[in-house]
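Visitor: I've never looked at this one before. Could you walk me through it?

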Amino acid sequence: VKKCIELFEEIAEDAEKYNKFYEQFSKNLKLGIHEDSTNRKKLCDLLRYNSTKALEEPTTLKDYVTRMKPEQKTIYYITGDSKKKLQHSPFLEEAKRRDVEVLFMVDPIDEYVMQQVKDYDDKKFVGLTKEGVKFDETEEEKKKKEEEKASFRKLCKSMKDILGDRVEKVVLSERLSTS
């Protein structure tokens, strides 16, 4: 395994060769991440993903981290069927508004990889499609959000009363900005 990973790292130095290799064996690398906890860190360095800032040429996790804003503590990703669909996802709105890069994970096995890989370079992974996604906010943004919630509290309560059992709850979205 050690020799193979060394060979993969050697191939990764030539982007064109590595793209061909990755196209054929990315699922196997991801399966290795899922199953081999001892080599997980080295295998993570071999992953490539498109992102909101790397649409044409896939990026490494290391490059993603170097492009992160200094105050950003999390690596954001979104899973789905295709890069094209993900680019137009409403879940990206708040990330785009904040100019935060988001990784596009279009392979079904990526869901399993993210269950095993909780962080990379001390940065936690956060899926934008999961409930409860929080972006780092300033005190001013937090205050504004609280005021907004208070002003819509009555409307949310009325909607919940009207819809009754057909909905679990009615709340203001923190993920959408234009939809």
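Guide: Let's begin with a term: a nonpolar core is a set of buried Ala, Val, Leu, Ile, Met, Phe, Trp, Tyr and Cys residues joined through side-chain atoms within 4.5 Å. Buried means under 20% relative accessible area, exposed over 50%, and partly exposed in between, with a 1.4 Å probe and protein chains only. This is a predicted model, where local features need pLDDT of at least 70, side-chain atom pairs count only at pLDDT 80 or more, and totals for chains, interfaces and linings use all residues. Residues are numbered from 1 along each chain as its sequence is written, and side-chain values use heavy atoms, with hydrogens and water left out.

Visitor: Which element gives the most residues to the largest nonpolar core?

Guide: That core has 37 residues, and L29, L61, I75, Y76, L103, F125 and L128 touch the most other members. The elements giving it two or more residues include α1 (2-12), α4 (61-67) and β4 (102-105); helices (H or I, at least four residues) and strands (E, at least two) are DSSP runs numbered from the N terminus. The top contributor, with five residues, is α2.

Visitor: What does L128 touch?

Guide: L128 is one of the residues touching the most other core members. Contact means heavy atoms within 4.5 Å. Leaving out residues up to four places away in sequence, L128 touches Y76, Y77, F91, L92, A95, V102, V133, F135 and R175.

Visitor: In what order do the strands of the open sheet run?

Guide: Two strands pair if DSSP finds at least two bridges between them. β1 and β4 run antiparallel, joined by two bridges, while β3 pairs with β4 in the parallel sense over four bridges. β3 also pairs with β6 in the parallel sense, over four bridges. With six strands and mixed pairing, the order is β2-β1-β4-β3-β6-β5.

Visitor: Which residue in β2 is the bridge partner of S51?

Guide: β1 and β2 form a hairpin with two residues between them, and two bridges join these antiparallel strands. S51 also stands opposite L103 in β4. Over in β2, its bridge partner is A54.

Visitor: Which residues of β4 point the other way from V102 and F104?

Guide: V102 is the bridge partner of Y76. V102 and F104 point one way from β4, all four residues involved are buried, and those pointing the other way are L103 and M105.

Visitor: How far is R48 from the nearest side chain of opposite charge?

Guide: R48 sits in the loop between α3 (40-44) and β1 (49-51), where the backbone oxygen of L46 lies 3.2 Å from a polar atom of its side chain. A salt bridge needs a side-chain nitrogen of Lys or Arg within 4 Å of a carboxyl oxygen of Asp or Glu; Lys and Arg count as positive and Asp and Glu as negative, with His and the chain ends not counted. R48 is buried yet has no salt bridge, and the distance to D63 is 6.9 Å.

Visitor: Is D122 buried or exposed?

Guide: D122 lies in the loop between β5 and β6 and has a positive phi of about 65 degrees although it is not a glycine. Most residues other than glycine have a negative phi. With a relative accessible area of 72%, D122 is exposed.

How values were computed:
Polar contact = N/O pair within 3.5 Å; in protein donor to acceptor, adjacent residues only side chain to side chain.
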